Amino acid sequence: MSPLVQGIVTVIIGVGGCVGYFFLSNLILDKVIFPARGDNPGVNINRANLVRPWLFLLPAMGALGLYLVYPVVGSFWRSLYNRAGDEFIGFGNYATMFSDDGFQTALFNNFLWVLVVPASATFFGLLVAQLTDRLRWGNIAKSLIFMPMAISFVGASLIWKFVYANNADIGLINALRDFFGAQEPLDVLQVRFWNNFFLMFILVWIQTGFAMVILSAALRGIPEETIEAAIIDGANPFQVFFKIKVPQIMGTIVVVWTTITILVLKVFDIVYTMTGGNFGTEILPSYMMSYMFRDDGRATAVAFVIMIIVLPVMIWNIRQARAEMR
Amino acid sequence: MDNIAGTKSSLSWAVNISVILLVVIWLIPTVGLLVSSFRDRDQISASGWWLSPFAVEQNFQAKIPAGEVKQDGDFFVIEGNIFSGGEGEVIRFGGARSNPTANAAGETAELTRDRSLTVQTNGDFVYRSPKEIKRDPSVYYSTATPPEFSLDNYRTILFSNNMDIAFINTLTVTIPATIIPILIAAFAAYALAWMDFAGRGLLIAIVVGLLVVPLQLALVPLLQFHNKIGIGQSFLGIWMAHTGFGLPLAIYLLRNYMVGLPRDIIESAKVDGATDFQVFTKIVLPLSFPALASFAIFQFLWTWNDLLVAKVFLPSNSESWVMTVKIADDLLGSRGGDWGILAGAAFISIAVPLIVFFTMQRYLVRGLLAGSVK
């Protein structure tokens with residue numbers, strides 16, 4: 001059976017199964033377990049309504065528990081065992097990892113990524129959002145800057161590999177250097193330390209559109225009166241932007257910033273396709289992939305380090321969500 | 001707003017120019033790859049894609065057959081045309097490998113040992129040597145090759161590189177992985193939005209927290225789990241994995257949207273005796289279409305573009321490669337220098353997401369806003 005046919009069959013079974021489950025479980029609940037008749041139908045209806053939410057939630061909770069909650073525990077547990085998984089070594093994986101040069105490089109680079117990418121993407125996004133705000137062709141411009149969001153990290157890496165190519169007749173960077181009189185082409189991906197920034201720019205290129213869309217909506221939401229008042233008081237456009245608009249959308253800026261930060265901690269594709277982690281460009285996700293299938297103990301230890309870095313953002317998000325619901 | 005007190009003209013020029021500049025910077029890399037995907041390998045390495053509308057100077061080497069030698073006084077002479085019947089335009093030529101473009105067309109090149117070589121623009125040449133010519137002499141020349149665009153790269157990549165299989169595999173992974181989580185999430189989102197029960201707030205908080213759990217954590221334990229229950233690395237495994245990983249965002253997006261639906265409609269339906277199941281299927285689900293579409297687009301783009309999950313949960317043999325894996329693990333290695341092929345492959349893989357993106361941008365934007373501003 002070809003995979004595609006298998007896929008279609010799965011869609012039918014999956015969708016049919018879901019609908020069937022929800023329909024039948026509700027039917028059984030209402031007609032068999034707590035029927036709205038007999039001695040005290042009111043009590044039965046109330047009981048049925050107490051159970052029903054959990055019927056609706058069960059498949060989702062099962063999948064979430066298995067695919068996202070269990071792995072947090074499972075990964076931590078696995079990271080306490082050795083490579084083969086048969087010997088408990090406590091924090092041995094973490095100890096060897098922290099003394100490994102590769103890990104230290106990855107951690108340092110990841111720190112750079114977290115510092116640079118969210119800041120740059122938010123900055124460019126805000127810039128474009130503000131500049132295109134009153135522009136007649138602003139929507140077209142936004143659409144084009146938003147486009148990289150649809151491109152895979154692998155595709156984007158290829159696009160930029162071409163720009164960075166080590167040949168003045170292929171790569172734009174080297175063509176520009178050639179134009180300004182450089183003699184030899186330069187492989188920018190092999191220039192230690194700075195190559196990280198060339199990789200980061202790819203992610204900035206992708207994420208600027210995301211920042212732009214959200215910040216653009218936030219800018220539109222600013223009450224006109226505040227801006228009018230500032231202009232009447234003689235504020236110049238820069239003052240209006242920095243002193244009136246930016247403070248009012250600070251909350252959104254923080255959300256965009258943290259969302260991109262989380263993404264930065266997960267993306268391994270760019271480093272993997274561009275340099276394979278060579279030339280000192282390793283970051284934690286790609287470092288983890290280099291141990292995946294080879295040393296599960298070490299791989300899970302790296303994953304858990306990523307989890308710990310993400311944790312503060314997670315807690316902050318939950319607090320925000322809870323504050324909103326009140 | 002900005003035109004108060006005549007500040008408009010100079011500033012609006014600056015704004016227009018900077019936006020144009022930014023758009024160009026953002027667009028150029030993609031355009032470069034697109035243009036290159038239509039050029040052949042030799043043209044790509046001969047001139048930059050930004051020069052592709054112009055003729056390319058390419059170097060060639062021709063052997064002059066020594067058999068046609070004639071004697072002219074003390075000299076041995078070969079005459080003929082280096083294009084041997086074909087057409088072309090010689091720009092420069094030379095008689096030595098060390099300097100293949102030493103002379104302009106029409107000049108006479110003085111070679112070592114008193115030999116000389118003349119090549120005209122149309123390819124006619126005269127080779128003179130004081131000694132008998134035993135070996136076929138070589139002529140090096142450069143011609144202007146007119147720009148050429150073709151679909152050859154796409155043909156090669158699709159039909160002889162198995163990119164077609166990878167394309168179908170990507171499609172196979174994407175469709176169930178997009179549709180199934182929507183249904184599961186919709187029911188859960190309804191419960192979290194419109195049903196009252198103890199622990200609802202806690203569950204919502206958990207969903208929000210799970211939004212940011214790094215996928216990396218899930219890889220090892222779940223692969224072990226799949227191996228244990230006998231699924232192993234397979235399509236079924238990746239569908240389940242994508243479903244699980246997509247659920248937090250789906251539930252979060254849909255719940256945010258459903259909470260905003262007018263309370264009156266739902267309550268009057270309940271007063272009229274509709275059960276929760278009926279309220280959900282007949283009222284909430286149809287009204288939530290925009291949110292469902294938003295999530296579907298997200299999940300589609302994410303599963304289509306994913307490399308990590310596919311690398312871990314699909315078998316590593318070439319029949320099950322999806323396009324991203326195929327490009328990253330196969331083409332970049334085996335075809336590393338063949339830019340035409342790589343560009344073609346990249347465009348095959350990003351064509352569908354781009355179409356989805358440009359046709360359904362409205363829903364995507366709405367989803368982004370619902371997913372993060374709230």
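Chain B has an average pLDDT of 83, and 95% of its residues score at least 70. The model is predicted, with an ipTM of 0.88 and a pTM of 0.85.

**Contact between the chains**

- Chain B puts 93 residues into the contact and chain A puts in 92 residues.
- On the side of chain B that touches chain A, helix H4 (residues 163-194) of chain B gives the most, with 15 residues.
- By residue class, that side of chain B consists of 70 nonpolar, 21 polar and two charged residues.

**Sheet in chain B**

- Five strands of chain B form an open sheet in the order S2-S3-S8-S7-S6, and their pairing is antiparallel.
- Strands S2 (70-72) and S6 (108-110) of chain B are the edge strands; each has a single partner strand, so one side of each is left without a neighbour in the sheet.
- On average, neighbouring strands of this sheet are turned by 25° against each other, direction ignored.
- Within the sheet, strand S7 (residues 116-119) and strand S8 (residues 124-129) of chain B pair in the antiparallel sense over four bridges.
- Thr118(B) has Val126(B), in S8(B), as its bridge partner.
- In general, the strands of a sheet pair through backbone hydrogen bonds, in either a parallel or an antiparallel arrangement.

- Ser288(B) lies in the loop between helix H9 (276-287) and helix H10 (289-305) of chain B.
- Ser288(B) counts as buried because 23 other C-beta atoms lie within 10 Å, and the cut-off for a buried residue is 20 or more.
- Leaving aside residues up to four places away in sequence, Ser288(B) touches Leu254(B), Tyr257(B) and Met258(B).
- Ser288(B) and Asp74(B) are separated by 214 residues in sequence, and their C-alpha atoms are 95 Å apart in space.

**Helix H11 of chain A**

- Helix H11 (residues 250-264) of chain A has 15 residues, which should span 21 Å at 1.5 Å a residue.
- The buried residues of H11(A) are Thr252(A), Val255(A), Val256(A), Thr259(A), Ile260(A), Thr261(A) and Val264(A).
- An α-helix has 3.6 residues a turn, so residues three or four places apart point the same way.

Definitions and conventions
Residues numbered from 1 in each chain as written. Chains lettered and ligands numbered in written order. Predicted model: local features only at pLDDT ≥ 70, side-chain atom pairs only at ≥ 80, totals over all residues. Pairing = 2+ DSSP bridges. Helix = DSSP H or I, 4+ residues; strand = E, 2+ residues; numbered from the N terminus. Axes fitted to C-alpha atoms, helices over the stretch in contact; angles between N-to-C directions. Contact = placed C-beta atoms within 7 Å. Nonpolar A, V, L, I, M, F, W, Y, C, P; charged D, E, K, R; others polar. Buried ≥ 20, exposed ≤ 12 C-beta atoms within 10 Å, placed from the backbone. pLDDT = per-residue confidence, 0-100. Expected span 1.5 Å × (residues − 1).
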